[in-house]
Amino acid sequence: MIFESLPTTPRSDELIDKAFSRAARTGRAKQNKLEAQQSMLQTASNILSDNLENVVVEWPDFETVDPFYYELADAIVDVDEVRKSLSEIMWASRQIDEIAREYQPKLRKTDADLARKHRKQAFARMANITEEVEDDLLRIGEARDALKNLPDIRPDEPAIVVAGYPNVGKSSFVNDVTRASNEIARYPFTTKGVQIGHFDRERIRYQIIDTPGLLDRPEDERNDIEKQAVSALEHLADAVIFVADASAECGYPIESQLELRDAVQARFEERDIPVLTVCNKSDRSTDMEADLYMSVETGENVDAVLDAAADAIGFEPDIPPSRNE
């Protein structure tokens, strides 16, 4: 997952302390006082500039990030603000390089006392530049913390999103078809765990995702962040399984369930994403029109539902041609 390896973002005072203390040790190691000032300047500028630049280059290029992860990140941290802060931090890195280049000639062919004075001036300016991007470093650190634990969902693998009201059997279905291969993770925009599982069909690995708090209620009940998260799922989903409970034991009348199904269907079909209506608990009631009927509790037609979803996707992996072709 593209955000999980992001390193901890340092604070400005941490960087300044690190750079200047390392520079002081470098200076003490030099016998020549003039060389000591030159070495201290170069050491401090390298540490500040390199560490600030590393904050930026460790982040993925949002211009090339998969649309699913872009919208997901934007729903959580505001990508435009993150990009502005990254730009400011890179500016600071380059400014510190410029300061070092400006002062290095001043530390040559002069006496040690004047060189020390120039070096201290350079240090003050470098510290000011670093402190100037303190808020940006904090914003990047907060964004990193918010994104690094996102579930490992892979846009290059076919994905099935499971939708439907609570208690209709979505989680039981995902549990059943993925067995021990599922995982629970939390999105910042829902208090419930997002369940992600995997299953194989004809040597193809499929992801199956239950997103409680997002696709289990009408759109007008979602907040702006949740709506954007659903938009991200539109980029990810290759098929949607809408699970309904005709027995209404879930606590929601079938009419309300089908209204939600129609809304989900309309939204995803704008991207030509197939939506399969599946009546769960078919051992108790089949009193509704559906593409498929199943009972997770008895195991009836569960595999047939997976097969239908895989067929609806029609995923064909890229297979390298044989040497004879």
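Buried means under 20% relative accessible area, exposed means over 50%, and partly exposed lies in between (1.4 Å probe, protein chains only). This is a predicted model: local features need pLDDT of at least 70, side-chain atom pairs count only at pLDDT 80 or more, and totals for chains, interfaces and linings use all residues. Residues are numbered from 1 along each chain as its sequence is written, and side-chain values use heavy atoms, with hydrogens and water left out. Helices (H or I, at least four residues) and strands (E, at least two) are DSSP runs, numbered from the N terminus.

**Positive phi outside glycine**

- Asparagine 167 is not a glycine, yet its phi is positive, near 70°.
- Asparagine 167 sits in the loop that runs between β1 (159-163) and α7 (170-178). Its relative accessible area is 57%, so asparagine 167 is exposed.
- Arginine 203 also has a positive phi, about 65°, without being a glycine.
- The loop between β3 (193-201) and β4 (204-210) holds arginine 203. With a relative accessible area of 87%, arginine 203 is exposed.

**Salt bridges: count and rule**

- A salt bridge here is a side-chain nitrogen of Lys or Arg within 4 Å of a carboxyl oxygen of Asp or Glu.
- That rule gives a count of 21 salt bridges.

**Lysine 106 and glutamate 102**

- These two side chains, lysine 106 and glutamate 102, form a salt bridge at 3.9 Å, N to O.
- Lysine 106 is partly exposed at 33% relative accessibility. Glutamate 102 is partly exposed too, with a relative accessible area of 36%.

**Aspartate 307 and arginine 201**

- Aspartate 307 pairs with arginine 201 in a salt bridge, and their closest N and O atoms are 2.5 Å apart.
- Aspartate 307 belongs to helix α10 (residues 302-313) and arginine 201 to strand β3, so the pair ties together parts that are 106 residues apart in sequence.
- Aspartate 307 is partly exposed at 33% relative accessibility. Arginine 201 is partly exposed at 21%.

**Lysine 281 and aspartate 245**

- A salt bridge joins the side chains of lysine 281 and aspartate 245 at 3.0 Å, N to O.
- Lysine 281 lies in the loop between β6 (275-280) and β7 (292-293), and aspartate 245 in strand β5 (residues 239-245), so this pair ties together parts that are 36 residues apart in sequence.
- Lysine 281 is buried at 14% relative accessibility. Aspartate 245 is buried at 0%.
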